[in-house]
Amino acid sequence: MSQPSATRFWTLQRKAAPYVFISPFIIVFATFMVYPLIQSILFAFQASSGPKSTAYVGLDNFRFMLRDPDFWTAVRNTATFAFFSVFVQLPLSLGLALLLNARWVRARSFFRLAFFSPHLVGQVFVAVLFSLIFIPRFGLLNRAIHAVLGMGLETKWLMDPSLVMPALVLTALWMYVGFNMIYFLAALQAVDPQLYEAAQVDGANRWKQFIHVTFPGIKPIAVFIMIMSAIGSFQLFELPYVLLRQTPGPNQAGLTIVMYLFSTGFSTGDLGYASAIGWALVLIILTISLAQAKVMGLWKRDA
Amino acid sequence: MNRLPFGPAPTLLLVLFVLSAGWLLFHPARGSGEGRVDQTTLRVWVFARTHYDAYRDIIPQFEQAHPGVKVDLQLVHGQAVTSRMQAAFWADLDVPDLVETEISSVGMFWRGPLEEIGFLDLTDRLRATGLYDRIVQTRFAPWSTRQRVFGLPHDVHPVMLAYRRDLFEAEGIDPDTLDTWDEFIAAGRKVTRDLDGDGTIDRYMIELSDTSYANFEVLLFQRGGGYFDAEGRLTMDDETALATLLWYVPLVAGPGRIGNSLGDQQILTQQVEAGYLLCFICPDWRTRFFENDIPRIAGEMALMPMPAVEPGGRRTSTWGGTMIGITKKSQHHDLAWELAVHLYYATESFDRRFRQTNIIPPIRDAWNQPSLDEPRAYWSGQPIGRLYVDLADETPPQYSSPYAQMAKEKTGEAITECVLYYREHGEDGFADFARTMLKSKADDVRALVRRNPFQ
């Protein structure tokens, strides 16, 4: 091989090498993400029995969705869960983080680990655990309530339509409060201590310090956690699916959008309608995330 | 090495990728039935440990009778069987030769056009071999769609009532006098009560759920009702279903209730052991669960036929079921058929299988086996096999549909709504409410059924 052609080869190799190196990812991403995504868009306009038997139905899947009571039940349940995730879970996480960030609290590392540890075991384990805790008459929770209050021994947490959502929220609280606490802790520790000293010099009490120093300092992280919590809540599946033993619960009280999508696609075999539900979910999540970011002023330019 | 523009590590990764991808490309996963050149392998998926144990014992006989044939029996979780089979049928992937499928999930395989169902149509084989006439006819219903049969029935699953014999005696109840539900309910109202005076009922006559369809449907089947009829029409809101609902709700709600349920199997066993429940609906398969789960109450349990709706009426119903199907993609349909018949209907295996599972076979030839007449200590010395066999021919049909599971869940919703109404209003306007509710839930199912262009 002559010198100029060898140089050309190595020049070509230098140019092509990055593309060759990222090609495995591109191939995998295109096969398992892009192709299914495009396919799901096509499916959303078809009636189907699996991918082989399909018939074009135009917007019929979306029209049906608008008047499908089960879909709206799923939306209502999921929105309720998301509401509690954001407005109960996150304040609790922040409170815990503030507490465990205080210097006067002893064994902080132990408590941080203890509060975070439920997240380590995963949703399925937690759901199985709580399905035992919630058993009427023989379960730990009802026994404890009965021992303290002398009532509630037969409370059917997972069989009473009005109690299924509280049970789900309780379970999620146990699992995620500690997890979000870690984010808040990291954010709190990133706030410049000199700002607190300055605020104290200005005579700010603890509440004013929180409003004018802590909150602005942790706001970007708080917005991130809120958006991620909302997205996570709208994608809720394993927890209710296992907790309610693969059912939507009494009167569909535990039916979430993803559970409905799953049962439509894989129990009824209607991949077309399931795809339409999936795209509706994308739209919902996108709207809520954008709204949250807007409300929290994420895109405001600093003066 | 200096000729490698990004250093040796990325290059090594690239080489590994190319090598492994090349290896995978030229060594595809072996399909069903492929093995050594001189050997045929039949792969079988089962979802129940008891079935797995029973088949494992009789497979060597089949292999001896078929030199060069090996049976690869695999135990796969029930839900995994369903989802993996569905995905495999859809994507034309490798599937086992034979698959056991449970009644609650089989309907989803019937959704598409008949020619695209992944299981082999067994109707002609069943008729040609005479098996069709030797098996309890109603047991073909769940495994059929559009008048074609796609699976061999594993069982009959007649239903009896299991009761705490010791507590029945203590309460002065003679099960022989409980021939009708009216008599049963009257006895139940006497024993359902608060035992310790704390205002909470501590003893119920029977396990009946106030939110789920599971117990309700057994009682619906007993009356000849169901979710779908033989032609695939939705019947979950017909007059039989309504009558059953109107009768059922007062049994689980209001002051005259005699039934309750705090949860399924593991919790149920606790309730029975604690004397919280005196009876429960008991198909043959459930007897084995109790023997395994609470051996401590051996000798205190017994079985009785279900009370009839009317004097002289049907004394049983049905709950559950399993089929074995041959996949169309199998390369060995005839061998797979022989294996399926051997696993399910080989006479010499019945005794052992019944002792392992307590499940009576659907084929009448097997009903003279000695194991069925053996007294069981756990069940107060009753020959439970014979008790179930005596009811087997009365077992009602249970028709399947891709929408059966949805119909069940909608029925559960109707029960829940009716229970809530009954607790608040009692009989006042209850019949109209129940009718409206049942129809509304059925209409939800009809709306989905209408959207299926393939049936």
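Q: In which sense do strand β8 (residues 204-207) of chain B and β9(B) pair, and over how many bridges?

A: Strands of a sheet pair through backbone hydrogen bonds, either parallel or antiparallel. In this predicted model, β8(B) and β9(B) pair in the parallel sense over two bridges. Within this pair, Glu207(B) has Asn260(B) of β9(B) as its bridge partner.

Q: Which strands make up the sheet that holds this pair, and in what order?

A: The sheet is open and has five strands, in the order β9-β8-β10-β7-β11 of chain B, with mixed pairing. At the edges stand β9 (259-260) and β11 (301-305) of chain B, each of which pairs on one side only.

Q: Which helix packs on this sheet, and which strands does the helix touch?

A: That is helix α12 (residues 284-293) of chain B, which touches β10 (277-283) and β11 of chain B. The direction of α12(B) makes about 130 degrees with that of β10(B).

Q: How does β10(B) pair with β8(B), and how with β7(B)?

A: β8(B) and β10(B) run parallel and are joined by two bridges; here Tyr204(B) has Leu277(B) as its bridge partner in β10(B). Strand β7 (residues 159-164) of chain B pairs with β10(B) in the antiparallel sense, over five bridges. In β10(B), Cys282(B) stands opposite Met160(B).

Q: What joins β7(B) to β11(B)?

A: These two strands pair over five bridges in the antiparallel sense. Tyr163(B) has Ala302(B) of β11(B) as its bridge partner.

Q: Are the residues of β10(B) buried or exposed?

A: A residue counts as buried if 20 or more other C-beta atoms lie within 10 Å of its own. By this test seven of the seven residues of β10(B) are buried, and the strand is mostly covered.

Q: Why is β7(B) described as largely enclosed by the rest of the structure?

A: The description holds because six of the six residues of β7(B) are buried. Val159(B), Leu161(B) and Tyr163(B) point one way from the strand, while Met160(B), Ala162(B) and Arg164(B) point the other way; all are buried.

Q: What is the strand order of the other sheet, which includes β1 of chain B?

A: The order is β2-β1-β3-β12-β6 (chain B), an open sheet of five strands with mixed pairing. Its edge strands are β2 (69-75) and β6 (152-153) of chain B, and each pairs on one side only. Strand β1 (residues 40-46) of chain B and β2(B) pair in the parallel sense over seven bridges, with Thr40(B) opposite Val69(B) in β2(B). Helix α2 (residues 49-65) of chain B packs on this sheet and touches β1, β2 and β3 (98-102) of chain B. Its direction makes about 175 degrees with that of β2(B).

How values were computed. Residues are numbered from 1 along each chain as its sequence is written. Chains are lettered from A and ligands numbered from 1 in the order in which they are written. This is a predicted model: local features need pLDDT of at least 70, side-chain atom pairs count only at pLDDT 80 or more; totals for chains, interfaces and linings use all residues. Two strands pair if DSSP finds at least two bridges between them. Helices (H or I, at least four residues) and strands (E, at least two) are DSSP runs, numbered from the N terminus. Two residues are in contact if their C-beta atoms, placed from the backbone, lie within 7 Å. Axes are lines fitted to C-alpha atoms, for helices over the stretch in contact, and angles run from 0 to 180 degrees between N-to-C directions. A residue is buried if 20 or more other C-beta atoms lie within 10 Å of its own, exposed if 12 or fewer, and partly exposed in between; C-beta atoms are placed from the backbone.
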